[in-house]
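Dear colleague,

Please find below the structure that I am handing over to you. My notes on it follow directly after.

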Protein chains: 2
Amino acid sequence: MNRFGEMHCSIAQAVSVVGEPWTPLILRDLFLGVRRFDDLARDLGVSRNLLTQRLERLMAAGVVSRRPYQERPVRYEYHLTEAGLDIVPALMVIMAWGDKWATPPGGPPAVLVHSCGRPFTPVVACPHCGGPVTADTVTATAGPGAAPGPGTWVLAGGLAPG
Amino acid sequence: MNRFGEMHCSIAQAVSVVGEPWTPLILRDLFLGVRRFDDLARDLGVSRNLLTQRLERLMAAGVVSRRPYQERPVRYEYHLTEAGLDIVPALMVIMAWGDKWATPPGGPPAVLVHSCGRPFTPVVACPHCGGPVTADTVTATAGPGAAPGPGTWVLAGGLAPG
């Protein structure tokens with residue numbers, strides 16, 4: 001997905017790092033504490049080749065790091081870095097969308113519990129007013145890195161969300 | 001990505017609907033008001049075949065709908081449905097992650113402005129206490145649809161996030 005990495009858009013940039021097939025589920029498993037290669041391969045049902053590729057890509061992008069947990073032969077545990085931990089809230093928002101709009105049979109497979117003690121569905125909010133961030137309460141405007149071209153937020157053209 | 005669609009996990013379900021390559025950028029463009037096939041193809045720099053496939057998949061999933069804006073030949077505009085509008089906050093959270101961790105040259109291409117009038121970076125919060133939702137303030141527990149098997153939240157195994 002290098003093509004996305006060349007686009008002048010932070011969604012495309014993020015997708016090029018964490019949007020490859022399997023990657024959101026690898027990040028989910030690392031968050032849940034599934035850290036060892038064999039455990040990841042088994043839990044995901046993904047080929048070892050593909051899992052290796054994805055983990056290498058995530059390490060190159062600084063989202064995942066690894067530490068040996070065993071010598072001879074050396075075996076690694078994979079961990080989320082600060083950047084990796086920082087994508088977890090996005091995964092939870094995506095999970096909530098899946099719970100609502102693409103509910104697996106039987107209902108939501110997982111329930112999130114906040115440190116306040118309550119089960120919750122995450123909300124996306126404005127840090128200034130605390131109000132909800134929704135498609136109809138937000139406008140996208142040109143940022144410092146705005147530029148014309150494919151995959152841009154097309155703000156140069158003056159298009160407003162609608 | 002039907003394989004993801006069969007997994008017992010709402011992230012996998014969401015990814016199977018809105019996680020295919022190009023799809024997040026198509027949803028972004030529809031949010032920004034780029035609605036016509038030719039405009040989408042041009043803005044994204046994606047092949048017409050692939051764009052057709054992605055739009056058909058999004059329509060089948062109920063995330064996008066279309067309306068004719070011209071007859072003879074008939075031409076369509078594509079719109080986000082209620083489910084599609086509901087994924088926009090997740091896109092904004094992903095964008096914020098990209099702004100921070102995979103910043104395009106020149107800085108963030110777009111700045112979001114909330115209906116309260118302030119430019120903002122979205123925060124993910126608990127609706128009960130208002131506190132931040134982060135990797136270390138949330139625990140995932142078994143939900144009503146929890147089930148063992150690959151791609152599950154592995155909660156049956158009693159693993160805790162860590």
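Where is the place of B:Trp22 in chain B? B:Trp22 lies in the loop between α2 and α3 of chain B; helices here are DSSP runs of H or I with at least four residues, strands are DSSP runs of E with at least two, and both are numbered from the N terminus. I return to this residue below.

Two remarks on conventions come first. This is a predicted model, in which local features need pLDDT of at least 70, side-chain atom pairs count only at pLDDT 80 or more, and totals for chains, interfaces and linings use all residues. Residues are numbered from 1 along each chain as its sequence is written, while chains are lettered from A and ligands numbered from 1 in the order in which they are written.

Chain A in outline

Chain A contains 6 helices and 6 strands, and along the sequence they follow the pattern α-α-α-α-α-β-β-α-β-β-β-β. Of the 162 residues in chain A, 47% are buried; a residue is buried if 20 or more other C-beta atoms lie within 10 Å of its own, exposed if 12 or fewer, and partly exposed in between, with C-beta atoms placed from the backbone. Among contacts in chain A between residues at least 6 apart in sequence, 37% join residues at least 24 apart, two residues being in contact if their C-beta atoms, placed from the backbone, lie within 7 Å.

One pair of helices in chain A deserves a description. The axes of α3(A) and α6(A) (residues 82-101) come within 10 Å and cross at roughly 110°; axes are lines fitted to C-alpha atoms, for helices over the stretch in contact, and angles run from 0 to 180 degrees between N-to-C directions. This makes α3(A) roughly perpendicular to α6(A), where angles of 65 to 115 degrees count as roughly perpendicular, those under 35 as roughly parallel, those over 145 as roughly antiparallel and the rest as oblique. On the α3(A) side the contact involves A:Pro24, A:Leu27, A:Arg28, A:Leu30 and A:Phe31, which meet A:Gly84, A:Ile87, A:Val88 and A:Leu91 in α6(A). By class, this contact has 7 nonpolar, 1 polar and 1 charged residues; Ala, Val, Leu, Ile, Met, Phe, Trp, Tyr, Cys and Pro count as nonpolar, Asp, Glu, Lys and Arg as charged, and the others, Gly among them, as polar.

How the two chains meet

A rotation of 180° with 0.0 Å of shift along its axis superposes chain B on chain A, with an RMSD of 0.0 Å; the superposition is by least squares on the C-alpha atoms of residues with pLDDT of at least 70 in both copies. The two copies are thus related as by a two-fold rotation axis. In chain B, the C-alpha nearest the axis belongs to B:Val124, at 2.3 Å from it.

In the interface, 90 residues of chain B are in contact with 90 residues of chain A. On the side of chain B that touches chain A, α6(B) gives the most, with 16 residues. That side has 61 nonpolar, 24 polar and 5 charged residues. Since 100% of the interface residues of chain B are also interface residues in chain A, the copies meet through the same surface.

A sheet also runs across the two chains: 3 strands form an open sheet in the order β4(A)-β3(A)-β6(B), with antiparallel pairing. The strands at the edges, β4 (119-120) of chain A and β6 (138-142) of chain B, each have a single partner strand, so one side of each is left without a neighbour in the sheet. Strands pair if DSSP finds at least two bridges between them. Strand β3(A) (residues 110-114) is joined to β4(A) by 2 bridges and to β6(B) by 5 bridges. A:Leu112 stands opposite A:Phe120 in β4(A), and A:Val111 stands opposite B:Thr141 in β6(B).

Backbone details

Most residues other than glycine have a negative phi, and most peptide bonds are trans. Against that background, B:Trp22 has a positive phi near 85°, and it counts as buried, with 21 C-beta neighbours inside 10 Å. A:Trp22 likewise has phi near 85°.

The peptide bond from A:Arg72 to A:Pro73 is cis, with omega near -10°, and that from B:Arg72 to B:Pro73 is cis with omega near -5°. B:Pro73 is found in the loop between β1 (64-70) and β2 (75-80) of chain B.

With kind regards
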